[in-house]
Amino acid sequence: MQYAGFWIRVGAYLIDFVILFVLQFVILMIFGESVFDTGDASFSAETSSTSPIVNLVLFALGIAYFAGLESSARQATPGKMALGLIVTDVNGGRISFLRALGRYFAKILSGMILFIGFIMVGFTERKQGLHDILASTLVVKGQPGMVGVDPDVFA
C-alpha cells in the first residue's frame, strides 16, 4: 500500500477547493446573494452569506461533498480521483458515511490548531493527519476496492 503524502494531498485539495468554490458561487447566485464586494478598491469574492439558511445550505454542501464522496463507492472526491487517491479505513476498506463525517469534523480541528493536524501528514509513518488518526482512516494511492492491508501488519 502506498500512502499519499502531503503535497499530493494538497494538490487534490486545491482541485476540490476550486470545484466547491464554483458550486458555492452557483448556490449564492441562486439565492440572489451578492457574491462580489466592489465597494472598495480591492476585489474580493466571498462564499458566505448573511442569511443563516444560505450558510446552512453551504455547510451541508461541504459535508455532502467531502463526507458523501469519500464514503461513496469511489472512495474519493474529484480532486483525489484526479490524482489517483482514495480514502480507506486502516484495513484498506471503504469507510462509512459516519466515519467520513467524523473525519470531516476532525479536519476542522486539524485546521484550528494552526494547521498542525494537516502538517502531520508529512511526518507520520502512514502519512496520516490528525483527522485521519482520529477517524482511523488512510489516504492511499489506488483504485476503489483494490487496496487492502495485511491484517498481520497491525498485530
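Q: Which residue of E5 stands opposite Tyr-3?
A: The model is predicted: local features need pLDDT of at least 70 and side-chain atom pairs count only at pLDDT 80 or more, while totals for chains, interfaces and linings use all residues. Residues are numbered from 1 along each chain as its sequence is written, and side-chain values use heavy atoms, with hydrogens and water left out. E1 and E5 pair in the antiparallel sense over 2 bridges; two strands pair if DSSP finds at least two bridges between them, and strands (E, at least two residues) and helices (H or I, at least four) are DSSP runs numbered from the N terminus. Within E5, the residue opposite Tyr-3 is Val-140.

Q: Why is one side of E1 and of E4 left without a neighbour in the sheet?
A: The open sheet has 3 strands in the order E1-E5-E4, with antiparallel pairing. Strand E1 (2–3) and E4 stand at the edges, so one side of each has no neighbour in the sheet: each has a single partner strand.

Q: Is Thr-137 buried or exposed?
A: Thr-137 lies in strand E5. Its contacts (heavy atoms within 4.5 Å), leaving aside neighbours within four places in sequence, include Val-87, Ile-95, Arg-99, Gln-128 and His-131. Buried means under 20% relative accessible area, exposed over 50% and partly exposed in between, with a 1.4 Å probe and protein chains only. At 0% relative accessibility, Thr-137 counts as buried.

Q: What does H1 reach from its first C-alpha to its last?
A: The expected span of a helix is 1.5 Å times one less than its number of residues. H1 covers residues 6–30, which is 25 residues, and its reach is close to the expected 36 Å. From first C-alpha to last, H1 reaches 36 Å.

Q: Which elements do the buried residues of H2 pack against?
A: H2 has 19 residues and reaches 27 Å, close to the 27 Å expected. Its buried residues include Val-54, Leu-58, Leu-61, Tyr-65 and Phe-66. These buried residues of H2 pack against H1, H3, E4 and H4.

Q: Which element gives the most to the lining of the largest pocket?
A: A pocket is an open set of points on a 1 Å grid over the protein atoms alone, with protein on both sides within 12 Å along at least five of seven lines; lining residues have an atom within 4 Å of a point. The largest pocket has a volume of about 770 Å³, and of its 27 lining residues the closest to its centre are Tyr-13, Phe-66, Lys-107, Phe-115 and Phe-118. Elements giving two or more residues to the lining are H1, H2, H4 and helix H5 (116–119). With 10 residues, the element that gives the most is H1.

Q: How many residues of the lining of the largest pocket are nonpolar?
A: Asp, Glu, Lys and Arg count as charged; Ala, Val, Leu, Ile, Met, Phe, Trp, Tyr, Cys and Pro as nonpolar; and the others, Gly among them, as polar. On that basis the lining has 5 charged and 5 polar residues, and the nonpolar ones number 17.

Q: What is the phi of Phe-115?
A: Phe-115 lies in the loop between H4 and H5, where Leu-114 is also found. Leu-114 is exposed at 70% relative accessibility, and Phe-115 is exposed with a relative accessible area of 52%. Leu-114 is not a glycine, yet has a positive phi of about 60°. Phe-115, also not a glycine, has a positive phi of about 65°.

Terms used
On a 1 Å grid over the protein atoms alone, a cavity is a set of points where a 1.4 Å probe fits but cannot get out, and a pocket is an open set with protein on both sides within 12 Å along at least five of seven lines; lining residues have an atom within 4 Å of a point. Grid points are joined across faces, edges and corners, and a volume is the space filled by probe spheres set on the points.
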